[in-house]
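Student: I would like to go through this model with you before setting anything up. Could we take it topic by topic?
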Amino acid sequence: MILNDKHQDIRTPPNVHNLSGTVRRVGVELEFAGLSSEQAAELVADSFDGTTRPIDMPFVLSVADTKWGEFQVELDTQYVHPEKDLGDILEESSLPVSKEDIKTVRNLNSYVRQHWVGKALAGVVPTEIVTPPIPWDELGELEILVEALRAHGAKGTDDGVVYSFGVHLNPEIAREDVDYILAVLRAYMLLSDWLRDEIHVDLMRKILPHIDPFPKEYAVKILAADYAPDLDALIKDYFAMNPTRNRELDMLPLFKHLAPKTLAKLTDDERIKARPTFHYRLPNMCLSDPGWSVVQEWNRWVAVETLAADEDTLRRLGDSYLANTKSPIGEWLKEVRLWLENLTNP
């Protein structure tokens, strides 16, 4: 299976529609450096005939009126979106300060953020473009934006040692039943090593915790032939061994959408936003590679969905994985690649 050609056709997933019968959509998150939020928002607006709107200048802007809806562009750092500003800290302190003093400090803090901090951090921390949900068969149009980012000097994962930037895909689910969700999870466990090998995941991204692999013990648990949980049990088992958002395939947003009360008993992390999507976080943002595209990463994801939809092969590969958990990874990759080759050349 050839998955490295930028101009390849977009692959069709086994389930093209959602529960409502409309074409499934995919949200995409693009991280990069070298451009401010304002510059990136202008590129989005130019690429898709949108209108920029300030939200928290100069760090957060939206681009409205595109054919898909509203993009959001922001400098993705806690330093420019702090939970408390200097005025809050001063007000909560025991120092003898007046309301006027606090107001003056807040104004100064705001001025510094707007005029200095954003410019200083634009080359160090990622600017992030979050797309609206896009029909999967229109993802190729994002190449217009990717090329614009390249042309204007945006820096991707491979442009610097500290650039641990990524691309997140949020494919809308096709169904809500536990059998479907578990099949995708199982397929991902079986293809995770292949995905990491194909993507050549950046070293810094491997070191940092954001895309940690699933524990092998969890893979063994859910790949067992007799593992047949209901949705609540699936969520509880997942969280017991993955009590974090930092997984290469973060299932917590989907679980919060499907069973909010169950997840609420396990965590009160407000950063988890309910979404009817898989949250796939593994790909690099390869702006310095002219052969790279978002479609390439989508096509790799479709391999996961294709395996999930093939019940017999999913079971066969699952049994093989369980029987060879101590075998070298190279041997497992050979078996996965053989399946992929047979898939395209029956």
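Student: Is His200 buried or exposed?
Tutor: His200 is exposed, because its relative accessibility is 60% and the cut-off for exposed is over 50%. Please keep in mind that this is a predicted model.

Student: Where is His200 found?
Tutor: His200 belongs to the loop between H5 and helix H6, the latter covering 203-207.

Student: And what is the phi of His200?
Tutor: Phi of His200 is near 55°, which is a positive value in a residue other than glycine. For context, most residues other than glycine have a negative phi.

Student: Which value of phi does Asp49 have?
Tutor: Asp49 has a positive phi of about 55°, although Asp49 is not a glycine. Asp49 sits in the loop between H1 and strand E2 (51-56). With a relative accessible area of 67%, Asp49 is exposed.

Student: Moving to aromatics: how many aromatic pairs does the structure hold?
Tutor: There are 16 aromatic pairs in the structure. One of them joins Phe48 and Phe71, and this pair is stacked, with 5.4 Å centre to centre and 10° between the planes.

Student: Why does the pair of Phe48 and Phe71 tie together parts that are apart in sequence?
Tutor: Phe48 lies in helix H1 (residues 37-48) whereas Phe71 lies in strand E4 (residues 71-75), so the pair connects parts 23 residues apart in sequence.

Student: Are Phe48 and Phe71 buried or exposed?
Tutor: Phe48 is buried, at a relative accessible area of 9%. Phe71 also counts as buried, with 0% relative accessibility.

Student: Which residues do ring pairs link into a cluster?
Tutor: The cluster consists of Tyr180, Tyr188, Phe214, Tyr218, Tyr238, Phe255, Phe278, Tyr280 and Trp301, linked by ring pairs.

Student: Back to Phe48 for a moment. Which residues is Leu142 in contact with, leaving aside neighbours within four places in sequence?
Tutor: Phe48 is among them; the others are Val28, Trp68, Thr131, Ile134 and Val294. Leu142 itself is in the loop between strand E6 (134-135) and helix H4 (143-151). Although placed in a loop, Leu142 is buried, with a relative accessible area of 1%.

Student: What separates the C-alpha atoms of Leu142 and Ser293?
Tutor: Those C-alpha atoms are 8.5 Å apart, while the two residues are 151 residues apart along the chain.

Student: What share of the chain's contacts comes from residues 24 or more positions apart?
Tutor: Such residues account for 74% of the contacts in the protein chain with a separation of 6 or more.

Student: Now pockets. What is the volume of the second largest pocket?
Tutor: Its volume is about 450 Å³. The lining of this pocket has 20 residues, and those nearest the centre are Asp179, Ala183, Ala308, Glu311 and Leu314.

Student: Which elements give two or more residues to that lining?
Tutor: They are helix H5 (178-199), helix H11 (294-309) and helix H12 (311-323). H5 provides the largest share, 7 residues.

Student: How many nonpolar, polar and charged residues are in the lining of the second largest pocket?
Tutor: By class, the lining has 13 nonpolar, 1 polar and 6 charged residues.

Note on methods:
Residues are numbered from 1 along each chain as its sequence is written. This is a predicted model: local features need pLDDT of at least 70, side-chain atom pairs count only at pLDDT 80 or more; totals for chains, interfaces and linings use all residues. Side-chain values use heavy atoms; hydrogens and water are left out. On a 1 Å grid over the protein atoms alone, a cavity is a set of points where a 1.4 Å probe fits but cannot get out, and a pocket is an open set with protein on both sides within 12 Å along at least five of seven lines; lining residues have an atom within 4 Å of a point. Grid points are joined across faces, edges and corners, and a volume is the space filled by probe spheres set on the points. Helices (H or I, at least four residues) and strands (E, at least two) are DSSP runs, numbered from the N terminus. Ala, Val, Leu, Ile, Met, Phe, Trp, Tyr, Cys and Pro count as nonpolar, Asp, Glu, Lys and Arg as charged, and the others, Gly among them, as polar. Rings of Phe, Tyr and Trp (its six-membered ring) pair if their centres lie within 6.5 Å; planes under 30 degrees apart count as stacked, over 60 as edge-to-face and the rest as tilted. Buried means under 20% relative accessible area, exposed over 50%, partly exposed in between (1.4 Å probe, protein chains only). Contact means heavy atoms within 4.5 Å.
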